[in-house]
Amino acid sequence: VYRAWGKHEQAIEQYRQALAIDSALGQEGNIGKDLVNIGSVLFDQGSYDRAIGYFETARVADQKLGKESSVAQDLVYTGKVYQAWGKQRQARDQFRRALSIQKKLGETPAVAATLADLESFSWPTCDQVDYSTIAQQCRRYEGKAIAYGNADIFTRPALVRGFENMLCDSAVHPDWVDYLV
């Protein structure tokens, strides 16, 4: 509740108390969640250096317990920190690792869980592609039809939201669909 009200210090204190209680009672299965909660508040405050430490510690704790689904989520949170820092390659690495775990578990991945996530997502831009060799590459196939890419208006949104979520968004979150398409 404190986090929703923007009372970050009180939220952190509550989550630290939960962490202390879970640790004292030997509730190892809750420790990763407690750490992610603290890291999430720090992330909200823009304290990315501190947040990433909590996310990485949560990942180690969850890995130790074999909580693969939680490990995937911890990687997503870590990726969001890298994204906030503008370190897109490291962010993508974290997201890919999370996606790999989610696929292995048969989970529907969703990197973006809110409209704010969609708005802050680092979409590819034209300046990330080296076009200087395209003409030369096309000349190798002279006389043949050449097509580039196969994305449609559903492909990229589905990569970010997960295919099932993306389909449901048209009914549940039409404003998200407007943003994505």
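Biologist: Which residues are exposed on the other side of α5?

Modeller: This is a predicted model. In it, R89, R96, K103 and K104 of α5 are exposed.

Biologist: And which residues of α5 are buried?

Modeller: Start with the general idea. An α-helix has 3.6 residues a turn, so residues three or four places apart point the same way. Now the case here. A91, Q94, F95, A98, I101 and Q102 are the buried residues of α5. Viewed down the helix axis, they fall within an arc of 120°, so they line one face of α5.

Biologist: What do the buried residues of α5 pack against?

Modeller: Their partner is α4, residues 68–84.

Biologist: How does the span of α5 compare with what its 18 residues should give?

Modeller: Count 1.5 Å a residue. Helix α5 covers residues 88–105, so 26 Å should be spanned. The end C-alpha atoms lie 25 Å apart, which agrees.

Biologist: What follows α5?

Modeller: G106 does, and its phi is positive, near 75°.

Biologist: Back to α4. At what angle do α3 and α4 pack?

Modeller: The angle is about 160°, and the axes are 9 Å apart. Angles over 145 degrees count as roughly antiparallel, so α3 is roughly antiparallel to α4. Helix α3 spans residues 48–64.

Biologist: Is the crossing of α3 and α4 left-handed or right-handed?

Modeller: Left-handed.

Biologist: Which residues of α3 and α4 meet?

Modeller: From α3, the list includes Y48, I52, F55 and R59. From α4, V71, L75, T78 and Y82 are among them.

Note on methods:
Residues are numbered from 1 along each chain as its sequence is written. This is a predicted model: local features need pLDDT of at least 70, side-chain atom pairs count only at pLDDT 80 or more; totals for chains, interfaces and linings use all residues. Side-chain values use heavy atoms; hydrogens and water are left out. Helices (H or I, at least four residues) and strands (E, at least two) are DSSP runs, numbered from the N terminus. The expected span of a helix is 1.5 Å times one less than its number of residues. Buried means under 20% relative accessible area, exposed over 50%, partly exposed in between (1.4 Å probe, protein chains only). The arc is that of the directions from the helix axis to the C-beta atoms. Contact means heavy atoms within 4.5 Å. Axes are lines fitted to C-alpha atoms, for helices over the stretch in contact, and angles run from 0 to 180 degrees between N-to-C directions. Angles under 35 degrees count as roughly parallel, over 145 as roughly antiparallel, 65 to 115 as roughly perpendicular and the rest as oblique. A crossing is left-handed if the near helix is turned anticlockwise from the far one by less than a right angle, and right-handed if clockwise.
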